[in-house]
Amino acid sequence: MNSLKWWQTAVFYQIYPRSFADGNGDGIGDFKGIVEKLDYLADLGVDALWLSPHFPSPNWDCGYDISDYCNVAPEYGTLDDFKLFLDESHKRNIRVILDLVLNHTSDEHAWFVESKSSRDNPKADWYVWMDTPPNNWQSCFDGEAWTYVPERDQYYYHYFMKQQPDLNWHNPKVKEAMWDAVRFWLDLGVDGYRLDAIGTIYEDPNLTPHEVPMTMAELRRYSDLASTPEEKELRDKYFYDMFKNQWAQGGLHELMKELRAITDSYDGDRMLVGEDDNIDYMGNGEDELHLVFNFPLMKTERITPEHIHKNQAERLKQLESLHLGNKWPCNTLGNHDCSRIHTRYGDKLHDAELARLHAALVLTMKGTPFLYNGEEIGMTDYMLTDISQVKDTMGSWYYHTIVTEMGVHPEEAMTRTAEMTRDKNRTPMQWSKQPNAGFSPENIATWLPVNSNYADGINVKDQIQSPYSLLNYYKHLLKVRKSTPALIHGEYIPVHSTAKDYFAFLRVTEKQKILVILNFSSERLELDFSNIKDINSQTLQTLFSSADASQKERSTKALTINPFEVFIAEVKPAHA
């Protein structure tokens, strides 16, 4: 265990800064607010923070359209405020990684302002320019991927929205400028980066058109209406075919090796995790990214034992194929781009129980877990009801497009927009049952509406005071994880892998053997593990039970597991 790096043993917690804590009372989260909540995070038991973009931005894409890579957005504070946040985090032994957006800048970035001014300026080739649109490529956010600029009488390419022009990474000067920005924050002491949308950095050099018989807006509308398995399969094929020439092209591995060399030149084991699930970006295990996300675990309508077993078998086999070095997994079920796990994987009958199972799953599987702020109190998606509330530009574009171009009734369009927009899972953190959930002072308009369920106990203050709350469940589970070496660095061994109702597995080191059972059913189970080689003739010492922890010693032969129970036990010799 001593040979593991900090990022292998850490539990990461994603902070969406606009929505986490409002320290100055203006309705927007900021660094002052985050600093005030660091003790909460330390008490929760997390070891590292992933901070979503905090840079200056016009906020067409909620901060992912960056206008200055080496500063802090005024609404979040100053560079000194960031330095204080970083220092105070480190004082509490909490590491910090930043979001690194390599693919594009804001169209208000000084580089683009200069680049679009003329064809012969020093930064003319810092972005991707064409005299005419060379193909039918689409932006994944808002229609055509080519936008005209009269100053140059040319079109620039943007994989995301038109306010996010793609950088030309074939230009050595672009690379040099971006690597300088990377070093700027590393010099300040940040512990690494989460790399945004790395697959979009390079495009097909032949500019091959896609062959999907619809536009992006039409495909999103088709996706809204797809109901049969065949329609959903065709939807997925169309999404892949539409963007396959704009994703995962040559040159990425060489670029990741350059970035890794930069981080490796700093002390403290700075780390890189990619917003991608392709383990190829881990190189040989030592020369590209340290981690990529296990997104296939998330890509299902329901988390079932069958799905988890299949995912783990495939994922860990892929990682074993790395010939050298690090083969470390990275698991999550939620982030700022998708529905909150309480909503996404609930069944509307047992949502609270399933939320506890999902938390235990991420925190007991082999690999580094990532949590998203608000998961620990059971925050849910919040469906906006009026287009004026929508801050996610992708959502507002879709609403107006289907109303004006497809004749969809505004009421239905708003329902569809509320479902697809990322605003639903980015609402302000719920700290108490005070007005505005304690996020901002009363009578202050928060940047997104606060989910009204804060008044029903979905808030930090109420849950801290309730011993059986989801928040205290997370805290207890995190303590068990930290005090159980096998849950951090033990190997994964599946058990009863054909079971439909429960997911069981071992985490094993030379010195410790842990059995984890997650009952995904509403039935009480009577289980027998006595015929399992690694458990036979031994006994179970309960470390954690979400149902009954009073019975410390349990039999491997006649083990009762209650409905939706999370059970974690150490396997011990029967007469130890």
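Biologist: Which residue takes a positive phi in the hairpin of β14 and β15, and how many residues lie between the strands?

Modeller: The model is a predicted one. H496 takes a positive phi near 50 degrees, in a hairpin with six residues between the strands.

Biologist: What makes β14 and β15 a pair?

Modeller: Two strands count as paired if at least two bridges are found between them. Strand β14 (residues 491–495) and strand β15 (residues 502–508) share five bridges, in the antiparallel sense, and therefore meet that requirement. Within this pair, P494 stands opposite F505 in β15.

Biologist: How do you know that β2 and β3 pair, and in which sense?

Modeller: The requirement is at least two bridges, and strand β2 (residues 48–51) has four with β3. The two strands are therefore a pair, and its sense is parallel. L51 stands opposite L98 in β3.

Biologist: In what order do the strands of the open sheet run, and what is the pairing?

Modeller: The order is β11-β10-β9-β3-β2-β1-β13-β12, eight strands in an open sheet with parallel pairing.

Biologist: Why are α8 and α15 called roughly perpendicular?

Modeller: The axes of helix α8 (residues 216–225) and helix α15 (residues 410–420) come within 12 Å and cross at roughly 90 degrees. The term applies to angles of 65 to 115 degrees, so α8 is roughly perpendicular to α15. R220, R221, D224 and L225 of α8 make the contact with E412, R416 and M420 of α15. By class, the residues of this contact are two nonpolar, no polar and five charged.

Biologist: Why is the term also used for α8 and α14?

Modeller: The axes of α8 and helix α14 (residues 393–404) come within 11 Å and cross at roughly 90 degrees. The range is again 65 to 115 degrees, and α8 and α14 are therefore roughly perpendicular to each other. On α8 the contact is made by M216, A217, R220, R221 and D224, and on α14 by M394, W397, Y398 and T401. Five nonpolar, one polar and three charged residues take part in the contact of α8 with α14.

Biologist: How many cavities of 30 Å³ or more does the structure hold, and what makes a space a cavity?

Modeller: There are three cavities of 30 Å³ or more. A space is called a cavity because a 1.4 Å probe fits there but cannot get out. The largest cavity holds about 50 Å³ of space. R340, I341, H342, A355, G374, E375, G378, M379, L470 and Y474 form the lining of the largest cavity. The elements that give two or more residues to this lining are α12 (341–344) and α17. Its classes are five nonpolar, three polar and two charged.

Biologist: Which residues line the second largest cavity, and of what classes are they?

Modeller: The second largest cavity, with a volume of about 40 Å³, is lined by F55, Y69, D99, L100, A181, V182, W185 and Y193. Tyr and Trp count as nonpolar and Asp as charged, and the lining therefore has seven nonpolar, no polar and one charged residues. β3 (95–101) and α7 (172–188) each supply at least two residues, and α7 gives the most, with three.

Biologist: What is the volume of the second largest pocket, and what lines it?

Modeller: The volume of the second largest pocket is about 230 Å³. The lining consists of R356, P467, Y468, S469, N472, Y473, H476, F544, S545, S546 and A549. α17 (470–482) and β18 (538–545) are the elements that give two or more residues to this lining, and α17 gives the most, with three residues. By class, the lining of this pocket has five nonpolar, five polar and one charged residues.

Terms used: Residues numbered from 1 in each chain as written. Predicted model: local features only at pLDDT ≥ 70, side-chain atom pairs only at ≥ 80, totals over all residues. Heavy atoms only, no water. 1 Å grid on protein atoms, 1.4 Å probe; cavity = no way out; pocket = protein on both sides within 12 Å on 5 of 7 lines; lining within 4 Å. Points joined across faces, edges and corners; volume = space filled by probe spheres on them. Axes fitted to C-alpha atoms, helices over the stretch in contact; angles between N-to-C directions. Parallel < 35°, antiparallel > 145°, perpendicular 65-115°, else oblique. Contact = heavy atoms within 4.5 Å.
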